[in-house]
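I opened this notebook to record a few local features of one model. The entries follow the order in which I looked them up.

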Amino acid sequence: MAVPKRKMSRSNTRHRRAHWRASTPTLVPFTVDGQTYLVPQHLRKAYERGLLRPKD
């Protein structure tokens with residue numbers, strides 16, 4: 001595990017954390033019974049296999 005060599009100030013820690021942003025997932029089209037849904041790309045196979053159902 002990485003261990004810092006020096007203590008990081010509270011100001012620097014908060015500035016570093018403030019720049020983190022969650023990104024929206026990439027949506028891909030997926031067709032079920034003739035209806036097209038936009039689902040997250042990493043869950044597409046789960047929808048294809050029937051493990052998840054798209055919301056109406």
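**Conventions.** I worked on a predicted model, in which local features need pLDDT of at least 70 and side-chain atom pairs count only at pLDDT 80 or more, while totals for chains, interfaces and linings use all residues. Residues are numbered from 1 along each chain as its sequence is written, and side-chain values use heavy atoms, with hydrogens and water left out.

**Aromatic pair.** I searched the whole structure for aromatic pairs and found 1. Because Phe 30 belongs to strand S1 and Tyr 47 to helix H2, the pair ties together parts 17 residues apart in sequence. Helices (H or I, at least four residues) and strands (E, at least two) are DSSP runs, numbered from the N terminus. I then checked burial: Phe 30 and Tyr 47 are both buried. Buried means under 20% relative accessible area, exposed over 50%, and partly exposed in between (1.4 Å probe, protein chains only).

**Salt bridge.** How many salt bridges does the structure hold? I noted 1, where a salt bridge is a side-chain nitrogen of Lys or Arg within 4 Å of a carboxyl oxygen of Asp or Glu. The partners are Glu 48 and Arg 44, with an N to O distance of 2.9 Å. Both residues lie in helix H2, 4 residues apart, about one turn of the helix. Helix H2 itself spans residues 44–49. Glu 48 has 46% relative accessibility and therefore counts as partly exposed; Arg 44, with a relative accessible area of 30%, is partly exposed. I also took a C-alpha distance from Glu 48 to Val 32, and found 8.7 Å across 16 residues of chain.

**Asp 33.** Where does Asp 33 lie? I located Asp 33 in the loop between strand S1 (27–32) and strand S2 (35–40). Its phi is positive, about 50°, although Asp 33 is not a glycine. I kept in mind that most residues other than glycine have a negative phi. Asp 33 has a relative accessible area of 80% and so is exposed.

**Strand S2.** Is Val 39 buried or exposed? I found Val 39 in strand S2, and its relative accessibility of 2% makes it buried. The C-alpha atoms of Val 39 and Leu 27 lie 5.1 Å apart in space, for a sequence separation of 12 residues.

I noted a patch of positive charge on the surface, made by Lys 7, Arg 10, Arg 14, Arg 16 and Arg 17. Patch residues have over 30% relative accessible area and no salt bridge, and like charges are joined within 9 Å. Arg 14 lies in helix H1 (residues 10–18) and, at a relative accessible area of 54%, is exposed. Ser 11 is also in helix H1; its relative accessible area of 42% makes Ser 11 partly exposed. Finally, I took the C-alpha separation of Ser 11 and Arg 53, 42 residues apart along the chain, as 45 Å.

Note on methods: Patch = residues over 30% accessible without salt bridge, like charges linked within 9 Å, V, L, I, M, F, W, Y side chains within 5 Å. Areas by Shrake-Rupley, 256 points an atom, 1.4 Å probe, with all protein chains shown as cover. Lys, Arg positive; Asp, Glu negative; His and termini not counted. Charge placed at Lys NZ, Arg CZ, Asp CG, Glu CD. Phe/Tyr/Trp six-rings, centres within 6.5 Å; stacked < 30°, edge-to-face > 60°.
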